[in-house]
Amino acid sequence: MSILVDERTALIIQGITGREAVTMSRELLDYGSRLVGGVTPGRKGREVHGVPVEDTVRAFTERGRIDASIVAVPPAFAADAVLEAIEAGVKLIVVVTERIPRRQVAQFVEYARLHGARIIGPNCLGVISPGKAKVGGVGGAADATRRAFRPGSIGVMSRSGGMTTEIANALSEAGLGVSTAVSIGGDAVIGSTYAELMPLFEADPETRGIAIYSEPGGRAEAELADYLAAHGSRLPVVAFMAGRFMDAMPGMRFGHAGTIVEGRADTAAEKVARMEAAGIAVAERIEDIPLLLAERIEQAQHSDNGGG
Amino acid sequence: MRLYEHESKQLLRRHGVPLPKSALARSAEEAERAAAGLGGPVVLKSQVLTGGRMKAGGVRFASSPAEAKSAAAAILTLPINGQQPAGVLVEERRTIAQEYYAAVTWDTRAKQPVIVFSDMGGIDVEEVAVQHPGHVARVHFSALTPFSDFFAKVAVASTGVSGNELGALTRIVAALARAFLQYDLTLAEINPIGRLDDGSIVALDAHLDMEEEARGTHRALLQELGVPEEDTRQARPPTAFEIAGAAVDASDPRGVAGRVVEFDGNLGLIIGAGGGSLTLFDAIRAAGGKPANYCEIGGNPSVGKAAALTRLVLSKPGVEQIAVMMNVVSNTRVDIMARGVIKGVIEAGHDPAAKIAIFRIPGSWEEEGFAILRRYGVDYVDRSVSMHEAARRAVAKLGAQPGRKR
């Protein structure tokens with residue numbers, strides 16, 4: 001099993017004729033994702049790597065089921081594209097576009113919530129269930145993706161697209177592999193947070209541990225800590241916190257749009273303390289993530305055996 | 001991007017927020033004339049993008065134009081938290097009977113804007129929230145539907161405010177919320193709002209922050225407010241090195257290479273991408289290294305852009321070597337980065353093998369990239385060497401450099 005996407009996921013790309021989307025189409029098809037078409041207004045009738053282009057999302061949803069859409073249009077058109085996908089009944093929308101003002105993000109996230117749709121991103125590289133499908137640019141070319149993301153037992157959630165691959169690679173090299181990896185996006189307001197995705201991993205029997213990549217800024221780590229305190233979890237969680245140097249430089253902007261520190265609770269030090277208090281192991285180095293996970297998964301097994 | 005008080009007030013005035021009469025002065029003489037124009041006692045406030053002005057001596061009172069002149073002279077030469085004032089706001093001085101606090105900001109957890117209102121203004125609202133929770137109201141509203149005044153009314157009323165004040169404060173808070181949505185603000189704060197001795201209610205201070213991503217959308221407005229396009233409005237103004245970096249990045253639309261922040265170390269960094277840069281900068285520091293700069297590379301920059309960034313980093317005084325490192329890349333091409341960095345080092349008149357402490361960019365096109373690096377004798381590692389280990393090796397190498405001054 002996996003979460004969000006698998007080999008049956010039928011998907012389209014909005015903005016498919018853009019330069020980077022054309023490359024992404026090739027990569028998705030090579031990886032085995034079920035890319036059934038794309039949308040670029042005014043380009044109906046064309047093809048991108050053999051998949052049809054339409055003017056509207058509805059042109060696809062009227063013909064058959066579309067499970068997911070990747071929004072890869074410029075920032076000025078992104079909110080409109082997301083609303084179109086929601087209206088057409090698409091339930092999973094991966095927003096790759098970066099630099100969308102957060103007011104617009106909040107608007108389409110709220111609209112999605114009203115329509116029972118889920119947003120991943122914006123400013124993300126998407127979702128991958130290794131060996132099954134990927135929805136987004138995560139991992140890049142198919143062979144590079146297969147190398148860094150091997151099927152396995154760890155759920156990955158990351159605020160950085162590049163670090164999603166780095167962490168997956170470390171987990172793959174260590175033999176743990178990845179059940180599903182979600183690049184959740186680097187912005188201040190995002191469609192799906194760690195805490196919102198946790199129940200999905202919780203329900204996935206294949207997932208046996210969680211790896212998280214975190215940054216200063218925002219309250220997503222506090223939300224996750226509160227979630228774990230309230231619900232508990234069978235899954236050991238290991239986090240890596242980047243950008244610790246930023247604590248000494250309030251008001252300076254580094255990294256993603258969401259990393260700006262707007263209050264005391266946003267700092268790296270505060271987040272590390274909160275996560276540790278919630279039982280999350282915080283790794284000092286990327287290479288420690290698989291070690292800590294393996295250790296904790298084994299501990300969990302022992303206590304299961306002992307208790308049972 | 002933070003706006004100065006005088007800019008914030010200009011914006012709020014358009015939305016009908018009542019304000020005391022004021023004028024911006026850039027010199028002591030201008031302040032004197034402004035005070036004469038306003039007549040009566042005035043308050044002079046340093047225009048800086050930081051809090052703590054009062055404590056630092058950036059707020060002074062004057063009862064005559066001559067006093068205003070000398071107060072302005074003192075303020076204009078007083079840096080606050082390292083910032084030179086951009087001017088002094090000369091404002092009529094009023095007697096205040098009560099102070100309130102109002103702000104609109106994003107609750108990124110609720111994914112909605114939130115109004116924060118208190119009838120105990122003028123002080124740190126987070127403190128008030130702890131000491132007197134009943135005096136701080138938080139009301140969320142939707143960014144999807146048009147703003148409705150009742151959200152503001154509920155916030156104000158729930159702190160116990162009623163009567164004439166309720167209407168006046170509701171209008172101010174509602175205007176603040178509308179400005180927040182209209183201009184893509186991330187913070188719209190008035191602290192304090194003052195009820196004056198004559199019963200009128202006015203905004204005495206204002207602090208607006210506009211989202212960086214929305215600057216393009218509001219270019220016309222920023223022009224009207226007199227905000228220059230190159231003004232980054234960060235905690236400190238950009239250095240010449242940082243401005244040169246932005247020029248490198250703007251020179252070619254492909255990829256990102258040139259987003260730099262200057263530090264005073266000896267190890268130049270060519271690192272990426274967003275999260276990778278944060279991770280690697282920490283890793284260098286954890287290994288005891290002294291970065292000369294922070295940097296972000298993303299997407300797929302051209303050879304020329306990577307070379308220009310490399311030349312820029314090498315041109316910085318004190319840079320002994322550079323470390324070229326990224327997380328496992330999928331979009332960025334390893335061979336293009338290798339060619340760009342080597343080209344930049346050679347153009348700067350150095351030997352790539354000596355100048356590049358380490359090259360750690362695994363991922364797409366890595367075989368081609370590694371072949372180029374081998375040709376120039378550059379020390380590189382593949383994905384089997386972690387980001388932290390690569391950073392440690394770069395720092396160790398710099399420490400072991402022959403002839404290095406200690």
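These notebook entries record what I looked up in a predicted model.

**Entry on helix 3 of chain A.** I began with helix 3, residues 75-87 of chain A. At 1.5 Å a residue, its 13 residues should span 18 Å, and I found its end C-alpha atoms 19 Å apart, which agrees. I then listed the buried residues of this helix: A:A78, A:A79, A:A81, A:V82, A:E84, A:A85 and A:I86. They pack against strand 1 (10-14), strand 5 (68-71), strand 6 (92-95) and helix 4 of chain A. Just after helix 3, I noted that A:G89 takes a positive phi of about 95°.

**Entry on the cores.** I turned next to the largest nonpolar core, which has 160 residues. A:V71, A:I93, A:V94 and B:M325 touch the most other members. Helix 11 (residues 303-315) of chain B gives the most to this core, with eight residues. Leaving aside residues up to four places away in sequence, I found that the contacts of A:V71 include A:A78, A:A81, A:V82 and A:A85, which are among the buried residues of helix 3. A:V71 also touches A:I93 and A:V94. Apart from this core lies another, of 49 residues, among them B:F117, B:L176, B:F180 and B:Y183.

**Entry on A:A106.** I located A:A106 in helix 4 (residues 102-114) of chain A. Is A:A106 buried or exposed? I recorded it as buried, because it has 23 C-beta neighbours inside 10 Å. Finally, I checked A:P151, 45 residues from A:A106 along the chain, and found their C-alpha atoms separated by 34 Å.

Methods: Residues are numbered from 1 along each chain as its sequence is written. Chains are lettered from A and ligands numbered from 1 in the order in which they are written. This is a predicted model: local features need pLDDT of at least 70, side-chain atom pairs count only at pLDDT 80 or more; totals for chains, interfaces and linings use all residues. Helices (H or I, at least four residues) and strands (E, at least two) are DSSP runs, numbered from the N terminus. A residue is buried if 20 or more other C-beta atoms lie within 10 Å of its own, exposed if 12 or fewer, and partly exposed in between; C-beta atoms are placed from the backbone. The expected span of a helix is 1.5 Å times one less than its number of residues. Two residues are in contact if their C-beta atoms, placed from the backbone, lie within 7 Å. A nonpolar core is a set of buried Ala, Val, Leu, Ile, Met, Phe, Trp, Tyr and Cys residues joined through C-beta atoms within 7 Å.
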